[in-house]
Number of protein chains: 2
Amino acid sequence: MASDTISFARGAPSLDIVDVEGLRDAATRAFTNDPGGATAYGTSIGYVPLRRWIAEQHGVDEAQVLVTNGSMQADAFLFATVVSAGDAVVVEKPTYDRTLLNLRGLGADVRAVHLQTDGIDVDALAELVESGTVPKLAHVIPNFQNPAGYTLSQDKRGALLALAARKDFLIFEDDPYRHIRFKGEDLPTMLEQDASGTVVYASSFSKTVCPGIRVGYLVGPADLIARIAKLATNTYISPNMVAQSIVYEFCVSGAIDGAIATVKSALAERVATLDAALAEHLPEARYTLPEGGYFMWLELPEGTDVDALLAAANERGVQFVKGTDFLLEGGENALRLAYSGVTNDRIDEGVRRLADAYRSLAAAPAPA
Amino acid sequence: MASDTISFARGAPSLDIVDVEGLRDAATRAFTNDPGGATAYGTSIGYVPLRRWIAEQHGVDEAQVLVTNGSMQADAFLFATVVSAGDAVVVEKPTYDRTLLNLRGLGADVRAVHLQTDGIDVDALAELVESGTVPKLAHVIPNFQNPAGYTLSQDKRGALLALAARKDFLIFEDDPYRHIRFKGEDLPTMLEQDASGTVVYASSFSKTVCPGIRVGYLVGPADLIARIAKLATNTYISPNMVAQSIVYEFCVSGAIDGAIATVKSALAERVATLDAALAEHLPEARYTLPEGGYFMWLELPEGTDVDALLAAANERGVQFVKGTDFLLEGGENALRLAYSGVTNDRIDEGVRRLADAYRSLAAAPAPA
């Protein structure tokens, strides 16, 4: 890739919005304050003080929390524990590509339910369930969904909880972006509204501390968490204690609040710039402005060939992920723009290149 | 457990032999010298400078190295990639309990080959192979084996390599203790003597940096490493970049050499103390003095009930792991003592308690 390539492809923060100094200080404190805890093997539940801090944040018992090496590893543990080959599972359509891959890898019967701008189509899900396909779990990314950027409304959260309780399936609330809301009001998690133990919640510090620290976690019913902890022990003895003790120091010092404020203000600015640039250079694109998170989903006119668009874009030094990567079928005229990794001063140029790539397709002669 | 319990159970270093200051300094340098590399997602191959450093240490191409979250995760990736249910695999008898567990979890046909004081019984392995049971891989811990503390002789390394090359199976050389030799001469790894790509090598920084850092690695044929890297990507995107960049700084600064020297001199002293204490308090025990590593294997007179011994030991405030935990069958009169986690001043007292527990059994009336 060209050295000045602008990548809207990766859901990761640019370095300017990572609190490197805060992390360095947190690392110094971790080795100073708890050298034994940071350097020894822990157990698979994670670094005990961080586990306690997370439990307090969510108002749950510590026994309901498992801290892992990133939340994707948490997902993998959960899926390996509750999903067997042939089991029905529900995902959003579109959804995070790696979730799809992992579930298919397990041989799950993956049912994709349409994602609307206010979240998963709960009526369609209810219909599926009532018709006899009760999933083992429904995977939902409630806030600023990856890849669409949409957020599940409070009404739908309630409806989903009621359906899961009545039909006895798990809601897997996959919520790494929640704290990166830069517009509108926070909505309560389904976890905190759950009266019947149907929610397993996952989150991570990738978006609030940094991705390289690889710390994520699960919150769920204590018995299920205990089963997953056993699998985690057999997989890696314990997760990274150095990293988790650094995260702990970063959190309790309050550095995390400053870090989140930095990320939110930068991302709000980028979305505004992206919106203006699209209006100017690519008015054909349809999209809903995200109120938080890393992603915006773009739909181009019907008939757009996203494979060809990506090739043309790469030639022009701009990258994105194709809509088709997030769907079992469809998405040929859609794409995901991650603005998390592109500094504000590069966004207009990136959209200019994308628009140029799009025009090159429209101008190309139809195949003979 | 009582607050003054002496634990010979866990293969982990006591805090006094961990270079906490060196780690703190390495962390500061990691965030200062390469903030982008330390904080961003990497890829599943690991932190690139550390991967390169490891490749140089082993004199192999970088493409042959995968750096993981601890070597147990590396084992799990390797097994998941090459072992299917029903496949024959060879392990040492006794061997590391978690390896046994993982292989059995995969449904492998686990064949245990007797471990002698100079390593796995290669003649018995050859007989097994010649009789038609060619394993997918043979798992061997060549130096200061866990749990026995024995080391594979150079003659047997050569014989094993020749057998694997001729019969086309993998040797999985699991070698985390190599650098912790405090007596005798280093032996060349099978990896470096391998002319035909039959060796996959694993090691870790748990014993030379600290276990809480959770950094391990695999070295093997580039095509196999590439397949495992793909599985790693789908499991956790990338391993811990913060931890791996700290390890890298710890290594290139030379701090690791000082750390290894500290560990070696402490462990040599502990083994001498343990030997003297056993001679004094428990002369019934038979053992071979390890020349490195963390473990000593103790055999007590035939008929000793290690379950009862463990219970009596725990009552007296001393812990160990039962021999039966490392064997598919047998080990009832054996146990593993890990001296890595017990400071020198506690060893005599620990052995005194163990001897007292043993005498309590001998004195007990036989069951009616």
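This is a predicted model: local features need pLDDT of at least 70, side-chain atom pairs count only at pLDDT 80 or more; totals for chains, interfaces and linings use all residues.
Which residue in β7(A) is the bridge partner of A:Val140? In β7(A), that partner is A:Glu173.

First, the strands. β6 of chain A covers residues 137-140 and β7 of chain A covers residues 170-174. The two run parallel and are joined by 4 bridges. They sit in an open sheet of 8 strands in chain A, with mixed pairing. Reading across, the order is β2-β9-β8-β7-β6-β3-β4-β5. At the edges are β2, residues 65-68, and β5, residues 119-120, and each of these pairs on one side only.

Two helices packed on this sheet deserve a word. Helix α6 of chain A, residues 122-130, touches β3, β4, β5 and β6 of chain A. The direction of α6(A) makes about 150 degrees with that of β4(A). The other helix is α9(A), which touches β2, β8 and β9 of chain A. Here the angle is taken against β2(A), and it is about 25 degrees.

Staying with α9(A), residues 222-236, we come to its contact with helix α4(A), residues 71-82. The axes of these two helices come within 10 Å and cross at roughly 110 degrees. An angle from 65 to 115 degrees counts as roughly perpendicular, and α4(A) and α9(A) are therefore roughly perpendicular to each other. Their crossing is right-handed. On the α4(A) side the residues are A:Phe77, A:Leu78, A:Ala80 and A:Thr81. They meet A:Arg227, A:Ile228, A:Leu231 and A:Ala232 in α9(A). By class, this contact has 6 nonpolar residues, 1 polar and 1 charged.

Next, the domains. The assignment for chain A gives domain 1 as 6-17 + 257-363, and domain 2 as 21-254. Taken over C-alpha atoms, the centres of these two domains of chain A are separated by 26 Å. In chain A, 26 residues of domain 1 are in contact with 27 residues of domain 2. On the domain 1 side, the elements giving two or more residues are α11 (255-281) and β10 (295-299) of chain A. α11(A) supplies the largest share of that side, with 7 residues. The domain 1 side divides into 15 nonpolar, 6 polar and 5 charged residues.

Now to the second chain. How many residues of chain A are in contact with chain B? There are 41, and they contact 41 residues of chain B. On the chain A side, α1, α2, α4, α5, α9 and α10 each give two or more residues. α1(A) gives the most, with 7 residues. The chain A side as a whole has 24 nonpolar, 14 polar and 3 charged residues.

The contact of α1(A) with α1(B) divides into 8 nonpolar, 4 polar and 2 charged residues.

That is where I will stop.

How values were computed:
Residues are numbered from 1 along each chain as its sequence is written. Chains are lettered from A and ligands numbered from 1 in the order in which they are written. Axes are lines fitted to C-alpha atoms, for helices over the stretch in contact, and angles run from 0 to 180 degrees between N-to-C directions. Angles under 35 degrees count as roughly parallel, over 145 as roughly antiparallel, 65 to 115 as roughly perpendicular and the rest as oblique. A crossing is left-handed if the near helix is turned anticlockwise from the far one by less than a right angle, and right-handed if clockwise. Two residues are in contact if their C-beta atoms, placed from the backbone, lie within 7 Å. Ala, Val, Leu, Ile, Met, Phe, Trp, Tyr, Cys and Pro count as nonpolar, Asp, Glu, Lys and Arg as charged, and the others, Gly among them, as polar. Domain bounds come from an automatic or database domain assignment. Two strands pair if DSSP finds at least two bridges between them.
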